[in-house]
Amino acid sequence: MTTDRRFGQASHLPPVGRTDEDMVVRARQSNSKGRRLLSVGLALAACIWSGAAATASERTTAGVRYDVSFKGVTIAKGTLSVILEGEAYSVKVKMQPTGLASLLTASKVDAEVDGAMDGGVLLPVKYSLLSVDPSDTTKVKMRLNKGRVTSLSALPPLDPAPDRVDVTAADKRDIIDPISASVLPMRRTGAAPTAADACNRTLPVFDGWSRYQVDLSAKGAERVRTPSFDGEAFVCSARWTPISGHRANSESVAYLAKNRGLEAAFVPVGDAVLIPVRIEIETPHGVLSVNATDVKLQGVRLAQAK
């Protein structure tokens with residue numbers, strides 16, 4: 001999303017890609033800047049959900065379309081498709097530039113994760129990312145077992161730098177991938193879910209290059225209307241904290257870590273999970289936003305936001 005890019009950061013929120021000085025404040029070339037805007041939007045959104053059904057015979061599917069915009073101008077279109085059956089979940093995400101952004105970059109992004117849910121915890125098994133541009137390709141393949149990375153290929157590798165924080169073996173344990181990080185298993189403390197149930201949590205993410213965490217906290221609720229959906233969403237504020245893989249002296253890393261302009265809205269789906277329908281990221285140059293233009297759900301009964 002050029003070297004040391006981040007395809008994901010987080011929507012969601014969790015970032016999907018690499019963390020470094022090129023991420024928010026600047027890009028080295030106009031092409032890399034275009035890709036980064038698209039990538040960060042999808043990543044922080046990450047635009048995904050999954051969960052668990054009551055029995056193996058139950059099947060839940062979801063389809064969401066997104067517009068990614070910068071300073072009010074649409075720069076990309078994104079889609080997600082989800083299949084949830086029994087304890088298994090599978091999520092696919094696609095994104096490509098549109099309008100003027102297509103003049104800056106021809107980058108297309110595909111991401112996918114398969115995994116299971118155990119006791120309200122997402123356990124990804126296989127994660128992949130492919131971002132293809134005529135001049136550059138980003139590719140990640142990662143396998144996991146109970147939150148531990150068992151095999152990894154992330155290309156291109158991070159550039160060596162004196163202030164690069166090393167990724168340790170411990171940083172690859174007790175983690176989730178960026179796509180799964182955008183899935184919020186529902187926790188309920190009362191008869192109806194609240195914003196605190198939805199938002200108050202910490203997401204430990206490893207994207208193949210960098211380890212970071214996203215802290216979500218409850219902010220409120222808002223109405224969401226699309227052609228196929230009309231309901232309430234929980235609004236969460238987000239804080240991003242780098243742990244390893246990043247440049248310690250990077251101005252953009254410092255900016256993002258201090259950025260309080262990260263926000264996301266999630267729609268409850270059934271009794272188990274939430275999906276993102278809106279993401280906003282304040283940058284030094286304007287607001288990057290990801291908004292659902294349509295949400296289609298099958299095989300679930302919507303939970304009512306309180």
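In which loop does K71 lie? In this predicted model, K71 is placed in the loop between β1 (59–70) and β2 (73–85). Its backbone phi is positive, at about 55°, although K71 is not a glycine. With a relative accessible area of 58%, K71 is exposed, because the cut-off for that class is over 50%.

A positive phi of about 55° is also found at K146, again a residue that is not a glycine. K146 belongs to the loop between β6 (136–145) and β7. The relative accessibility of K146 is 70%, and the residue therefore counts as exposed.

The peptide bond joining L155 and P156 is cis, with omega about -5°.

Strand β12, formed by residues 262–269, contains E263. The relative accessible area of E263 is 15%, so this residue is buried; the limit for burial is under 20%. The side chain of E263 is joined to that of K219 by a polar contact of 2.4 Å. E263 and S289 are 26 residues apart along the chain, and their C-alpha atoms are separated by 9.5 Å.

Technical notes. Residues numbered from 1 in each chain as written. Predicted model: local features only at pLDDT ≥ 70, side-chain atom pairs only at ≥ 80, totals over all residues. Heavy atoms only, no water. Helix = DSSP H or I, 4+ residues; strand = E, 2+ residues; numbered from the N terminus. Buried < 20%, exposed > 50% of the residue type's maximum accessible area, 1.4 Å probe, protein only. Polar contact = N/O pair within 3.5 Å; in protein donor to acceptor, adjacent residues only side chain to side chain.
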